[in-house]
Amino acid sequence: MGHPGAVPATRTRPHPAAVGAVLLLVAMIAAALWRSDESGTGARDEGSTGGAGAAGPAAAATVGPGSTCTPTLTNPGGRNNYRPDAPRDVPLGRGLEITGVVRDTLCRPLPGVPVQVWLQTASGSERENRTTVLTDADGRYRVETDPAVSQFGEPNVHVAHDAEGPWRDVFQRHVVDTDDTLAVVDLVLVPAS
Amino acid sequence: MRILIGVAALGGAVLVGLALAGPHLAGAPPLVVVSTLAACVAVAALAVQPWLTRRRVGWHLRVGGIVAVLVTVHVVALLVEDPDDALYSMSLDGPTRARMALIATVLLAVVTLLGVLRRRLRWSPATWRFVHGSLAVLVVVLGVGHAVIIQGALDGWGTPVLLALGGLGAVGAVVRLVRVLRAPPAGDATTPDRGRLRSGDGPRG
């Protein structure tokens, strides 16, 4: 077969090493995607369309004498677009309530603790749309805002305790849906020193 | 071929129209708009790219360069506009969709480099085409796949258009791969060229 000077038929197939390398690469990519978190490491879907009173994992835990609460750790992306000194009690619109209870590691509610909330809505970007509120006597903070809109591929909310004081800073990023009316993000703080 | 190019161009125009008409980009910073539109055009270009390898290699080279530039614009615009979220997305902690985009971008750079270095690599044509083509399939699947998963400017009707364009590109690349793996007869004009363009293949402008 073939005419003089033609390349032998064996050379018309890809080199086995190249085939093996590509197959290995495909397997590695599949593993990398399989091991990834859909919304990013540590980000939970905390949104719901339920009424007020729904609660996240920490708040749902039984809280009684002798209980301990696991400290909240800053999750990856929690600090994204954070700005210190957010103004107090800025009206951010209506449609989505972001709330939660702030506790210490003995699960005692912490009143008067500043909590900053920021998110992207139709009326403001994540860098502009922020406010700080104080927790009430039950340790609960509450922010009413326009619904979250997709930002970098998914609607998300940021909740942080960032003020100087007796409690260590913590920054959280969690995801919601655009039609959610409630997002519950509880915080468990540890002493600053 | 002209029909395929027309379909891809129409799909790209629809994506651009949907993105501009939707609420997501209304009031968005200019860099976000630029980034999104660059991605829309890049998807259309990727859809037609593998089909250009048969008789329009010159155009394949040009469109490949255009895709590389568009994806660079897409990524750099996001990095400048929102470095926190962009760097987080590119990190190991980023969400699945961002990991898909990151891998697709790296592979696109490799595919483009393979094209630029084709003669210097001195690989057999079949090996080069297999590696270039199989990585190109991954670029299309992961790149368009991340656009499908993302919530934003191309939700709704944008999803079937993205899937159609991605399918067009992926099928084209797989068809070319199958031809390589079937080992064309010795003496075929494609075997000894070491990446040289045949007459009429090169850019004419």
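This is a predicted model: local features need pLDDT of at least 70, side-chain atom pairs count only at pLDDT 80 or more; totals for chains, interfaces and linings use all residues.
Reader: Is the crossing of helix 1 of chain A and helix 5 of chain B left-handed or right-handed?
Author: Residues are numbered from 1 along each chain as its sequence is written, while chains get letters from A and ligands numbers from 1 in the order in which they are written. Helices (H or I, at least four residues) and strands (E, at least two) are DSSP runs numbered from the N terminus. A crossing is left-handed if the near helix is turned anticlockwise from the far one by less than a right angle, and right-handed if clockwise; for this pair it is right-handed.

Reader: Why do helix 1 of chain A and helix 5 of chain B count as roughly antiparallel?
Author: Angles run from 0 to 180 degrees between N-to-C directions, and axes are lines fitted to C-alpha atoms, for helices over the stretch in contact. Under 35 degrees is roughly parallel, over 145 roughly antiparallel, 65 to 115 roughly perpendicular and the rest oblique. The axes of these two are 9 Å apart, and the pair is therefore roughly antiparallel at an angle of about 155°.

Reader: Which residues of helix 1 of chain A make the contact?
Author: Two residues are in contact if their C-beta atoms, placed from the backbone, lie within 7 Å. On the helix 5 side of chain B, the partners are B:Thr96, B:Arg99, B:Met100 and B:Ile103. Helix 1 of chain A brings A:Ile29, A:Ala32 and A:Leu33.

Reader: How many nonpolar residues does that contact have?
Author: Ala, Val, Leu, Ile, Met, Phe, Trp, Tyr, Cys and Pro count as nonpolar, Asp, Glu, Lys and Arg as charged, and the others, Gly among them, as polar. Besides 1 polar and 1 charged residue, the number of nonpolar ones is 5.

Reader: At what angle do helix 5 and helix 7 of chain B pack?
Author: Helix 5 passes helix 7 of chain B in a left-handed crossing, and their axes are 8 Å apart. They're roughly antiparallel, with an angle of about 150°.

Reader: How many contacts does the stretch of residues 185–205 of chain B have beyond near neighbours in sequence?
Author: Chain B has a mean pLDDT of 87, with 89% of its residues at 70 or more. Over residues 185–205 of chain B, though, the pLDDT is below 50. Beyond near neighbours in sequence, the contacts of this stretch in the model number 36.

How values were computed:
pLDDT is the predictor's confidence in each residue, from 0 to 100.
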